[in-house]
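My entries follow in the order I made them.

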Amino acid sequence: SSAASDVYKRQGGDMETMMHEVTAIEPGRDPDWVVLTIDEDRRIPLPTGDLVKLDLARGDSITPESLERLELASETARARKSALNLLAHRARSRSEIEQRLHRKAYGQASIDGVMEWLNGMGYIDDQAFAEAFVRDRMRLRPRGRRALVAELAQKGIDREMAETVIADLTEAESGLPSFQDAAAAFTEKWVRTRGKRHKDRWARRRALYSALARKGFSSDIIRTVMEEVESD
C-alpha cells in the first residue's frame with residue numbers, strides 16, 4: 001500500500017529493497033525436509049509440513065519480520081529434531097535435554113518452544129524418568145540413598161522429588177533390593193575380590209567402610225553389614 005511505502009521510504013529504503021524473495025525450494029537431505037533459498041544466498045531448512053502451513057512458494061516475497069519468523073521456525077524444528085534424537089537413545093530429564101540443546105547453540109526461544117512441545121506430547125516426565133532411573137540402578141548397580149539423590153541431581157531432578165521417588169520405590173516395590181540388602185551384597189563381593197589385599201584387619205575395615213561410603217550407603221547400614229561380616 002502507499003502508506004506502507006511511505007513508512008519504508010522514511011526508514012531509508014523502498015518497498016522492493018526491504019522485501020525478500022523465496023528464490024528456490026529444494027528437497028533436503030532428510031526426505032521430510034526442504035531447503036528454502038532466500039535472495040539466492042540464504043538457505044533455510046524446514047520440515048515439509050511447516051512449509052505447507054506457511055503457504056510459501058518459489059517467487060513469493062516476504063517481509064523482514066516474516067523472514068525472522070521463518071528462521072525461528074527453522075531453528076525450532078532443528079532443535080526439536082535434536083531433542084527427539086536424544087530421546088531415541090534413552091529417557092532423559094527436562095534439564096538434560098535443555099542443557100544439550102544449549103550446547104548445540106540453539107537460541108532460548110527455540111529451546112522454550114521445543115520443551116513446551118515435548119511436554120505437551122508427553123515425551124518428558126521428570127518423575128517417570130526418576131522412577132525408571134532408580135529401578136535400573138537398584139536392580140543393576142545398587143547403591144545407597146545418598147548416591148542416588150546425587151546422581152539424580154546431576155540429571156536435573158530436584159532433591160525433594162528424588163527423595164520422594166526413592167522412598168516410594170524402596171518401601172513399596174518388593175522387586176527392588178533394600179538398601180541394606182544392596183550393601184550386604186556389595187560387601188560380600190568386596191570381601192571376596194578385594195578383601196585379601198588387606199592383611200591387617202583394621203586396614204581392611206577402613207577400606208571396606210570407605211568403599212561402602214562411596215556407594216552412598218548410610219553410616220548405620222555400613223555398621224550393620226560390617227558387623228555381620230565380622231561375626232561370620
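This is a predicted model: local features need pLDDT of at least 70, side-chain atom pairs count only at pLDDT 80 or more; totals for chains, interfaces and linings use all residues.

Entry 1, the sheet. I looked up strand E2 (residues 33-38) and found that E2 pairs with E3 in the antiparallel sense over 6 bridges. Two strands count as paired if DSSP finds at least two bridges between them. Helices (H or I, at least four residues) and strands (E, at least two) are DSSP runs, numbered from the N terminus. For leucine 36 I noted isoleucine 44 in E3 as the bridge partner. The sheet is open, has 4 strands in the order E3-E2-E1-E4, and its pairing is antiparallel. Strand E3 (42-47) and strand E4 (61-62) are the edge strands, each pairing on one side only.

Residues are numbered from 1 along each chain as its sequence is written, and side-chain values use heavy atoms, with hydrogens and water left out.

I found H4 lying across strand E1 (20-27), E2, E3 and E4, at about 55° to E3. Angles run from 0 to 180 degrees between N-to-C directions, and axes are lines fitted to C-alpha atoms, for helices over the stretch in contact. Contact means heavy atoms within 4.5 Å. Threonine 76 lies in H4 (residues 64-89). Is threonine 76 buried or exposed? Threonine 76 is buried, its relative accessible area being 16%; buried means under 20%, exposed over 50% and partly exposed in between (1.4 Å probe, protein chains only). Apart from neighbours within four places in sequence, threonine 76 is in contact with Ser110 and Val114.

In H5 (residues 94-103) I listed Ser95, Glu96, Ile97 and Leu101 as buried. The buried residues of H5 pack against H4, helix H6 (108-121) and H7. Just after H5, alanine 105 takes a positive phi of about 70°.

I checked the axes of helix H7 (residues 126-140) and helix H8 (residues 145-154): they come within 11 Å and cross at roughly 135°. H7 and H8 are therefore oblique to each other, since angles under 35 degrees count as roughly parallel, over 145 as roughly antiparallel, 65 to 115 as roughly perpendicular and the rest as oblique. On the H7 side the contact is made by Ala130, Phe133, Val134, Arg137 and Met138, and on the H8 side by Leu148, Glu151 and Leu152.
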